Amino acid sequence: MGPDRKAGGRLHRTLHHADLRSVPEVRRALRALLRPCLAEEQAATAELLASEVLTNALIHSDHDALFTATVHDGCLRVEVRDFTGRPPRPRTPRPHEATSGRGLLLVEALADDWGVRRHGVGKAVWFELGPAESALEHDGQPDAA
């Protein structure tokens with residue numbers, strides 16, 4: 001039958017301003033949290049999107065960032081809170097920008113839902129991934145299980 005994909009959990013980290021060395025540690029902790037909860041492909045997508053949102057917060061803010069991931073009933077919500085009121089904007093990367101400008105485009109394309117929530121002294125960028133079981137099979141037919 002496979003692992004119980006309905007298990008849940010929570011991960012919370014405070015990351016220091018511009019400390020990009022902390023991003024791989026958060027990815028490893030997120031992978032450990034998601035292993036029993038999400039399918040491997042979903043977990044890989046979650047790691048990628050979390051890295052993008054977290055890196056944006058650390059690079060484009062002059063303050064620390066708060067990372068929270070919550071899994072409940074096979075759904076994941078990741079939220080990265082920073083203390084800069086400037087809203088993020090997806091932008092089209094220029095050809096000479098090898099690694100910059102693609103983060104929010106990836107979030108927009110791969111997350112089931114995402115957004116920005118303002119709070120008193122900044123904002124939180126969040127995304128959600130739903131349960132894999134609700135997705136259609138490769139042949140376009142609903143899962144019969």
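Cys 75 is partly exposed, at a relative accessible area of 32%. Cys 37 counts as buried, at 2% relative accessibility. For the cut-offs, buried means under 20% relative accessible area, exposed means over 50%, and partly exposed lies in between, with a 1.4 Å probe and protein chains only. The disulfide count is zero, where a disulfide is a pair of cysteine sulfur atoms within 2.5 Å.

A word on the source. This is a predicted model, so local features need pLDDT of at least 70 and side-chain atom pairs count only at pLDDT 80 or more, while totals for chains, interfaces and linings use all residues. Residues are numbered from 1 along each chain as its sequence is written, and side-chain values use heavy atoms, leaving out hydrogens and water.

Now the overall layout. The protein has three helices and five strands. From the N terminus on, the order is β-α-α-β-β-α-β-β. These elements are DSSP runs, numbered from the N terminus: helices are H or I with at least four residues, strands are E with at least two. Of the 145 residues, 36% are buried. The protein exposes about 8700 Å², and carbon and sulfur atoms supply 53% of that. Those areas come from the Shrake-Rupley method with a 1.4 Å probe; for residues, only the protein chains shown count as cover.

Next, the sheet. What is the strand order? Five strands form an open sheet, E1-E2-E3-E5-E4, with antiparallel pairing. Two strands pair if DSSP finds at least two bridges between them. E1 and E4 (113–119) are the edge strands, each pairing on one side only. On average, neighbouring strands are turned by 15° against each other, direction ignored. Helix H2 packs on this sheet and touches E1, E2, E3 and E5. The direction of H2 makes about 170° with that of E5. Axes here are lines fitted to C-alpha atoms, for helices over the stretch in contact, and angles run from 0 to 180 degrees between N-to-C directions.

Let me walk across the strands. E1 (residues 9–15) and E2 (residues 65–72) run antiparallel, joined by seven bridges. Gly 9 stands opposite Val 71 in E2. Arg 10 has Thr 70 as its bridge partner in E2. Thr 70 also stands opposite Arg 77 in E3. E2 and E3 (residues 75–82) pair over seven bridges, again in the antiparallel sense. Phe 67 is bridged to Val 80 in E3. The E2–E3 hairpin has two residues between the strands, and Asp 73 there takes a positive phi near 50°. E3 and E5 are antiparallel too, with seven bridges. Glu 79 stands opposite Trp 126 in E5.

On to one residue, Ala 69. It is found in strand E2. Buried or exposed? Ala 69 is buried, with a relative accessible area of 0%. Its contacts, not counting residues up to four places away in sequence, include Gly 9, Leu 11, Leu 30, Leu 33 and Val 78. Contact means heavy atoms within 4.5 Å. The C-alpha atoms of Ala 69 and Leu 11 are separated by 5.1 Å, although the two residues are 58 apart along the chain. For the protein, take contacts between residues at least 6 apart in sequence: 61% of them join residues at least 24 apart.

Last, the core. In soluble globular proteins, nonpolar side chains tend to be buried together. A nonpolar core here is a set of buried Ala, Val, Leu, Ile, Met, Phe, Trp, Tyr and Cys residues joined through side-chain atoms within 4.5 Å. Which members of the largest one touch the most other members? Of its 30 residues, they are Leu 54, Phe 67, Leu 76 and Phe 127. E1, helix H1 (22–34), H2 (40–59), E2, E3 and E5 (122–129) each supply at least two residues of this core. H2 gives the largest share, eight residues. Leu 76 touches residues including Leu 34, Leu 38, Ala 46, Ala 69 and Phe 127, leaving aside those up to four places away in sequence.
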